[in-house]
Amino acid sequence: MKTCTMCGKEYDENAAQSEYAQAGEWLAGEVWKDSGKLCQLCLENRTRLVMMYDHELNR
Ligand SMILES: [Zn+2]
């Protein structure tokens, strides 16, 4: 188990990921440089926010 740096909850890094979480993991590595530190829920939430508000990343 790892601890999410965003919400502080423990999560299973080997759990199956949704498409949003996979996209979030990619963004974490490319944009925020914190890949592997966030739980699936935070990755999904951040991905949704990016898709809604930051269209420069939606290429
Ligand atoms: Zn989290």
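Modeller: Contact here means heavy atoms within 4.5 Å. On that basis, among contacts in the protein chain between residues at least 6 apart in sequence, 41% join residues at least 24 apart. Please keep in mind that this is a predicted model, in which local features need pLDDT of at least 70 and side-chain atom pairs count only at pLDDT 80 or more, while totals for chains, interfaces and linings use all residues. Residues are numbered from 1 along each chain as its sequence is written, and side-chain values use heavy atoms, with hydrogens and water left out.

Biologist: What pattern does the protein chain follow along the sequence?

Modeller: The pattern is β-β-α-α, with two helices and two strands in the protein chain; these are DSSP runs numbered from the N terminus, helices being H or I with at least four residues and strands E with at least two.

Biologist: And how far does α1 reach?

Modeller: Helix α1, residues 19–32, spans 18 Å from its first C-alpha to its last, which is close to the expected 20 Å, where the expectation is 1.5 Å times one less than the number of residues.

Biologist: Which residues of α1 are buried?

Modeller: They are Ala21, Gly24, Leu27 and Ala28, where buried means under 20% relative accessible area, exposed over 50% and partly exposed in between, using a 1.4 Å probe and protein chains only. These residues pack against α2, which covers 40–53.

Biologist: Which residues make up the largest nonpolar core?

Modeller: It has seven residues, namely Cys4, Tyr11, Ala28, Leu38, Cys39, Cys42 and Leu43; such a core is a set of buried Ala, Val, Leu, Ile, Met, Phe, Trp, Tyr and Cys residues joined through side-chain atoms within 4.5 Å. Not counting residues up to four places away in sequence, Cys39 touches Cys4, Cys7 and Tyr11.

Biologist: Switching to the loop between α1 and α2, is Lys33 buried or exposed?

Modeller: Lys33 is exposed, with a relative accessible area of 61%, and its phi is near 60°, a positive value in a residue other than glycine. Most residues other than glycine have a negative phi.

Biologist: What about Asp34, buried or exposed?

Modeller: Asp34, which also sits in the loop between α1 and α2, counts as buried because its relative accessible area is 15%. Leaving aside neighbours within four places in sequence, Asp34 is in contact with Ala28 and Arg46.
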